[in-house]
Amino acid sequence: MLARNETIFKWCLYGAATFLCFLAQGAVFQRITLWGVIPFLYPVLAAVVGTLEGPLAGSIYALALGVVCDSLLPDIIPCFYTLIFPLVGLCGGLIAKGLLSAGFICSLVSSAAAFLLTDSFHCLLLWANQSAAWEAGAWTMVREFCVTAVLVIPVTLLFQAVFRKTHVYD
Amino acid sequence: MKNFLKGHGLWVLFAAAVIAVALAVMSFLSTTSSPLANVAGVLSSPFRSAYTAVATWFNDKQNYYKDTTALEEENAELRQQIAKMEAQIRQAQDDSEENAFLRDLLGLQTQRRDFVFENARVTERSVSNWASSLTLDKGTNYDIAVNDCVVDATGNLVGIVSEVGYNWCTVLTVVDTSTSMGAQVFRTKDLGVAVGDFSLMGDGRLRMDYLPADCQLLGGDLVVTSGLGGYYPSGLVIGSVEEVQKDDSGASSYAVLVPEADLDSLTEVAVIKSFDIVS
């Protein structure tokens, strides 16, 4: 159990790491198109922090991340990421808790689940909007995950570094 | 010494006088320098050369330093001048592009006097794989509002403003899934609804739905905004027909449209801030 100021310090560090990832996404990845899609880091962030911090803290972090994403990215509904990212964080936390111990493989599996959830939600909203595109959506999801999967390694390393720095006595 | 001068002073004086007279006579008779001066000159010559060499070296160094300093200053000044001129060239290129854009826009303005335009630059393109968007560098500070139409210089519809901040706005392009607007085929006057379709978005296409089942559209037919409902201005070119297909029910057709605006390479656009509603 971390003291209050240590907890604040930890989440400040997570915030700084997230900010770095946002910078990388905005400055670099957004301008690269591979296989017809751009690498998309945000679901990976929610998933990786979920695997490290557990279901509850991961969901809360993902909720905050979703709010930030919704304020920056246009989407079908204004609260798209706020709704889906807590589920992604929860899913990442549950995978790390019950299926795989936190690490690269766990991050990769959680990221796959993150893209599955996020992009399925996209497809669901398109269907609700009477412009269903299940096949195109699934294909986009596969390409998006494949293009982003390689970035799971640096993201995991970055957030693991924060986790180790702030959980010295664990 | 005193005793020596007392004893031999006269002799010394005499000898000196003789030597002096002899030297005077020799130098008078000689065509070259006197032997004494010659000896002195020969002895001092290497020293003079050395002094001169050292002085020349110092002078060279001094001149080199002065020249280098002056050249460096001149170089820095020239670099600044080059940088300024390069900036002017860049500015001139920008101005030239803007000028061309405004000339084109002037043509559109002449055709549609009711339009009030605001030029804007594209600062960012699509930020996710599920939306086709552009971010512009102007917002409420230039009276841009949500649902304003955005066109390129020749009046082709680019998209609709979906979100506005103080000095930015987000435009969802015509191929985005949120697009839904009244459209009309220019040649046949068939009415329909232009909608974004995710399956077509990746290829930069959109659909025109609710066309009559027996519509006689040809590839390349222009599709423009109908202006019905007064939401958007009429007559803005959305795109051209690529193919026509019957929908699943068979009761109506839909056309796949290719946007006329080149969405991938737009750098400048115009936002239509107000227009006359044609009833």
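The structure is a predicted model, in which local features need pLDDT of at least 70 and side-chain atom pairs count only at pLDDT 80 or more, while totals for chains, interfaces and linings use all residues. Residues are numbered from 1 along each chain as its sequence is written, and chains are lettered from A and ligands numbered from 1 in the order in which they are written. The model scores ipTM 0.80 and pTM 0.69. The pLDDT, the predictor's confidence in each residue on a scale from 0 to 100, averages 88 in chain A, with 97% of the residues at 70 or above. Chain B averages 84, and 94% of its residues score at least 70.

Chain A has six helices and zero strands; here helices (H or I, at least four residues) and strands (E, at least two) are DSSP runs, numbered from the N terminus. Among these elements, the lowest mean pLDDT (88) belongs to helix 1, residues 4-27, and the highest (91) to helix 4, residues 104-128.

Helix 1 of chain A packs against helix 2 (residues 42-72) of chain A at an angle of about 80 degrees, with the axes 13 Å apart. The axes are lines fitted to C-alpha atoms, for helices over the stretch in contact, and angles run from 0 to 180 degrees between N-to-C directions. This angle makes helix 1 of chain A roughly perpendicular to helix 2 of chain A (under 35 degrees is roughly parallel, over 145 roughly antiparallel, 65 to 115 roughly perpendicular and the rest oblique). Tyr14(A), Thr18(A) and Cys21(A) of helix 1 meet Leu45(A), Val49(A), Tyr61(A) and Leu65(A) of helix 2, contact meaning C-beta atoms, placed from the backbone, within 7 Å. The residues of this contact comprise six nonpolar, one polar and no charged; Ala, Val, Leu, Ile, Met, Phe, Trp, Tyr, Cys and Pro count as nonpolar, Asp, Glu, Lys and Arg as charged, and the others, Gly among them, as polar.

Chain B, by comparison, has three helices and 12 strands, and 30% of its 279 residues are buried. Six of the strands form a closed barrel in the order 1-2-5-4-3-12, with antiparallel pairing; two strands pair if DSSP finds at least two bridges between them. Strand 3 (residues 149-151) and strand 12 (residues 268-274) of chain B are joined by three bridges, with Val150(B) opposite Val271(B).

Strand 5 of chain B has five of its five residues buried. Cys169(B), Val171(B) and Thr173(B) point one way, and Thr170(B) and Leu172(B) the other. Strand 5 pairs with strand 2 (residues 133-136) of chain B over four bridges, where Leu136(B) partners Cys169(B). Five bridges join strand 5 to strand 4 of chain B, Ile160(B) being partnered with Leu172(B). Strands 4 and 5 of chain B form a hairpin with four residues between them.

Finally, the contact between the chains takes 16 residues from chain B and 17 residues from chain A. Strand 4 (157-164), strand 5 (169-173) and helix 3 (198-201) of chain B each give two or more residues to the side that touches chain A. That side of chain B has six nonpolar, eight polar and two charged residues.

How values were computed
Contact = placed C-beta atoms within 7 Å. Buried ≥ 20, exposed ≤ 12 C-beta atoms within 10 Å, placed from the backbone.
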